[in-house]
Amino acid sequence: MADFETILVANRGEIAIRVFRTLRELGIAAVAIYSEADRGSLHVELADDAFLVGPSPPAESYLAEERIIDAALRAGADAIHPGYGFLAENAGFARRCQDAGIVWIGPPPEAIEAMGSKLAARELLARAGIPVVPGTTEPAIRPDDVVRVGDEIGWPIAIKASAGGGGKGLKVVESGDAVERALASAMREGEAYFSDATVYIEKYIDEPRHVEVQILADAHGAVVHLGERDCTIQRRHQKILEETPSPAVSDELRERIGRIATDTAGAVGYRSAGTVEGLLDQDGNYYFLEMNTRIQVEHPITELVTGVDLVREQIRIAAGEPLSMNQDDVRISGHAIECRINAEDPTNGFLPTPGKITGYREPAGPGVRVDSGVRQGSQVAAIYDPLIAKLCVWDVDREHARLRMVRALDELLVEGVSTLTELHKALLREPRFIAGETCSGLVESGELLEAAAGPTNGPDLPTATLDGRRRERVVVAEVEGRRYTVRLPHPEPPHAQLGRRRRERARAAGIGSDGPHDAVVSPMQGTVLALEVTEGDSVAEGQVICVIEAMKMENELTAHRAGVVEELSVGPGDSVETGQVICIVDQPAATRPESERGGRCRRDKTI
């Protein structure tokens with residue numbers, strides 16, 4: 001890689017560090033960028049050079065194209081690697097890099113544009129003979145048109161943002177009655193996350209497997225695939241566990257879907273690493289879903305079973321070199337699983353749990369790989385993705401890999417924030433997962449979440465729950481020469497204390513979650529994306545009050561009971577804190593229980 005001496009990685013956290021590691025092996029200097037929120041982040045410390053590119057909000061830092069290119073020029077960078085997310089699939093930014101004389105480590109801007117619009121991609125690939133999910137090739141604008149399409153292709157349907165990805169801008173609709181709200185929400189998410197409100201309609205396939213194929217393509221016309229990854233285990237249409245190979249894919253099917261993936265790459269003149277995502281239905285039909293024109297979050301498991309460094313291949317391709325392999329050279333050995341360790345509380349609707357990591361220990365041993373961007377003392381910021389680490393394992397077959405992952409999860413320690421660790425443990429012990437079934441709806445089912453809420457290490461160790469999170473501290477003692485480990489409540493972090501005090505004050509005023517005149521309280525820190533009611537509106541139980549975005553996830557806050565909206569305190573664009581009162585849902589005197597009709601406590605809007 002003599003052509004590159006210095007490469008800037010236009011990203012943060014674990015993916016930045018992962019790229020740095022390959023750069024070091026190639027003898028290339030690694031340059032980081034960071035926001036004000038990330039001054040003390042691990043990726044900044046591990047870089048050879050680092051440049052501040054702006055304040056904490058992504059729009060002013062990790063999405064600030066001019067500042068990033070300026071940093072690359074100041075660093076003397078020969079190329080920019082975008083990682084995934086942020087600007088990784090931004091064709092305009094790729095062109096700006098090239099215009100500045102900086103090599104873009106990724107596909108040509110034209111390929112990004114061709115695949116960046118799922119709507120345009122569907123139309124292009126259908127013409128090329130690639131099987132696509134039944135649906136529209138025109139934008140959906142009016143609810144009546146969506147209902148008509150649903151009646152034609154059959155319910156349920158999926159309303160999808162054309163520029164979407166990662167579950168953003170995707171709404172599954174069971175009937176025409178739910179179309180209007182789902183259409184508005186999908187368009188809103190498309191605009192908020194991708195600056196494109198265009199949406200289209202697809203047939204929602206019942207209990208499919210989400211199977212994607214990793215491809216590599218060079219500038220000399222060579223394209224290879226490196227097998228498939230099964231990403232069926234998701235929550236809120238976002239992946240949390242991936243494995244390769246898929247337990248549902250035979251050698252014959254692997255060859256067929258691999259050919260679909262390489263044909264897709266050829267149809268758009270692709271170059272670099274990319275992933276063709278598809279749906280495998282219960283009859284063995286495979287449909288093109290979308291193409292991700294970047295390195296994927298789950299790329300490490302492909303590296304584990306093939307021995308191919310995908311980032312190294314990306315850099316080789318960007319330097320004009322041919323692929324280091326052909327299709328006959330690709331060998332898939334053993335089985336690999338990846339668990340995403342997100343800062344989320346699965347027992348509380350998968351709400352994000354930003355905060356300080358007060359304790360951290362990574363597992364190790366044979367066949368274990370951890371890609372992370374944190375350490376003890378790191379801050380999980382509310383404005384970024386909740387991913388803390390990617391825990392990956394490899395072993396000779398699926399069952400051995402499953403057992404190895406259970407062991408690794410038992411070794412993993414993350415304190416200070418809630419994570420998906422216990423959910424993963426419960427999932428990996430679930431008979432349906434062990435059998436390799438699709439496990440549709442399992443992740444968000446009550447039975448699995450109940451298991452996820454259990455004690456972390458054995459049934460008899462005391463735990464404490466604060467603000468919906470299990471917090472513990474470990475005390476080790478020796479009694480008569482024998483070692484004992486006791487888990488005691490961990491002190492509340494400041495943000496949890498603040499949220500608890502707010503809720504206590506609200507309850508004292510008669511508007512707490514268990515008071516007679518309840519309030520709708522934000523369970524998270526975030527930003528109001530949309531307000532669905534106005535003061536004085538009558539609402540039904542379960543009706544949406546507002547939509548709050550936190551850690552790249554859209555969350556609906558609903559009315560806990562029927563009543564009238566009073567003291568509405570937020571609007572679109574407002575920031576909210578954990579425990580903040582959004583509004584009061586008051587019951588008219590005539591419908592209140594008789595014991596409550598004698599009057600109510602005065603509510604102070606400053607609570």
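Analyst: R398 sits over the face of F433, 4.5 Å from the ring centre; a charge counts as over a ring if NZ of Lys or CZ of Arg is within 6 Å of the ring centre and within 35 degrees of the ring normal. The model is predicted, so local features need pLDDT of at least 70 and side-chain atom pairs count only at pLDDT 80 or more, while totals for chains, interfaces and linings use all residues. Residues are numbered from 1 along each chain as its sequence is written, and side-chain values use heavy atoms, with hydrogens and water left out.

Rings of Phe, Tyr and Trp (its six-membered ring) pair if their centres lie within 6.5 Å; planes under 30 degrees apart count as stacked, over 60 as edge-to-face and the rest as tilted. Y62 and Y384 form an edge-to-face pair, with 5.7 Å between centres and 80° between planes. Because Y62 belongs to the loop between β3 (49-54) and α3 (65-75) and Y384 to the loop between β20 (379-380) and β21 (387-395), this pair ties together parts 322 residues apart in sequence. Helices (H or I, at least four residues) and strands (E, at least two) are DSSP runs, numbered from the N terminus. Ring pairs join Y62, F86 and Y384 into a cluster.

F93 and W104 also pair edge-to-face, since their ring centres are 5.8 Å apart and their planes at 85°. F93 lies in helix α4 (residues 91-99) and W104 in strand β5 (residues 103-104), 11 residues apart. F93 is buried at 0% relative accessibility, and W104 is buried at 5%.

Definitions and conventions:
Buried means under 20% relative accessible area, exposed over 50%, partly exposed in between (1.4 Å probe, protein chains only).
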